[in-house]
Amino acid sequence: MSEHEPPTPPPYPDGPRPGAEGVNTYGTDDPEQQAEIEAARTAAAEERRANREKLERYVRYGLNEEDATALIEHEDMLKQRRDAAETGETERRVRPRIYVRSLVDYTEGHDIGDWIDVSQDLEDIHADIRNILSRSLHAHWTGQPAEEWAIHDYDGFGQITLSEYESLDVVCALGKGIVEHGLAFAAWAEINDERDIYTLTRFETAYFGDFGDRDAYAEHVVEEMNGEEELAKLPEWLRDIVRVDTKRMVHEMETSGDVRFADHPGGVWVFNGRM
């Protein structure tokens with residue numbers, strides 16, 4: 001090294017240090033990677049700003065700074081858990097569940113809620129809701145109990161849509177039925193205009209089974225009626241002409257309302273249409 005040549009500065013342990021304008025601080029020359037890094041920096045800065053504002057608001061409400069920080073961390077944990085469930089990063093629950101929030105806290109910007117397993121007994125679901133309401137920040141600050149709640153998310157119900165104020169009796173019956181019978185039970189609930197306890201209890205009587213498609217069910221009906229044996233009794237010349245038209249059978253079943261079909265990725269669930 002020449003005595004006039006400046007020494008090479010030591011590397012910084014946390015990567016390139018920001019320098020003069022035009023200096024690369026990303027640690028990469030790839031424009032796409034630089035854009036991703038910049039987006040991550042912006043998102044992190046926005047999250048820090050939002051958390052600072054939330055911390056200041058909670059302190060104004062009367063929490064000390066340590067409790068306010070713990071509450072923010074708890075809310076972040078719940079959000080991460082929900083996001084992970086939605087994107088498939090965590091194992092999907094087998095049992096139907098609902099996410100219940102305290103409404104008074106929700107309107108004030110606080111996520112006081114939790115997931116509840118609705119395949120358990122109804123009294124246990126009510127107990128879980130009371131536990132959520134007991135954690136109300138509004139109740140803590142005002143001394144007034146939190147009493148109102150709503151269903152703000154749900155999982156494991158197939159194609160069923162639940163309202164915010166769905167009857168817990170019905171939700172519990174759905175949860176228990178899906179756990180016992182699978183998503184065919186959810187399909188039975190969905191195809192009925194009236195979703196009530198009486199309708200749901202008729203599932204086992206109404207359910208004809210799971211078939212590969214509609215024609216497969218028609219073929220099953222022919223088999224149950226000993227159709228092939230009856231055809232074999234016909235004269236030989238007539239047996240060569242007579243055929244069972246399964247597509248026509250399916251059409252007649254559906255248009256008459258005798259049978260109702262519910263499609264799923266592997267085939268169809270079949271139900272008695274007169275129940």
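The structure is a predicted model, where local features need pLDDT of at least 70 and side-chain atom pairs count only at pLDDT 80 or more, while totals for chains, interfaces and linings use all residues. Residues are numbered from 1 along each chain as its sequence is written, and side-chain values use heavy atoms, with hydrogens and water left out.

Let's start with strand 1, residues 97–102. Strands here are DSSP runs of E with at least two residues, helices are runs of H or I with at least four, and both are numbered from the N terminus. Because 6 of its 6 residues are buried, strand 1 is largely enclosed by the rest of the structure. Buried means under 20% relative accessible area, exposed means over 50%, and partly exposed is in between (1.4 Å probe, protein chains only). Arg97, Tyr99 and Arg101 point one way from the strand, while Ile98, Val100 and Ser102 point the other way.

Strand 1 pairs with two strands, a pair needing at least two DSSP bridges. With strand 2 (residues 113–117) the sense is antiparallel, over 5 bridges, and isoleucine 98 has isoleucine 116 as its bridge partner there.

**Salt bridges**

A salt bridge is a side-chain nitrogen of Lys or Arg within 4 Å of a carboxyl oxygen of Asp or Glu. Searching the whole structure turns up 11 of them, including these:

| Pair | N to O distance |
|---|---|
| lysine 176 and aspartate 121 | 2.9 Å |
| aspartate 215 and lysine 247 | 2.9 Å |
| arginine 248 and glutamate 252 | 3.0 Å |

Lysine 176 is partly exposed at 33% relative accessibility, and aspartate 121 is partly exposed at 40%.

The pair of aspartate 215 and lysine 247 also joins distant parts of the chain, helix 10 (residues 214–224) and helix 13 (residues 246–256), 32 residues apart. Aspartate 215 counts as buried at 19%, whereas lysine 247 is exposed at 57%.

Arginine 248 and glutamate 252 both sit in helix 13, 4 residues apart, about one turn of the helix. Glutamate 252 is partly exposed, with a relative accessible area of 38%.

Finally, Glu46, Arg49 and Glu53 are linked in a salt-bridge network.
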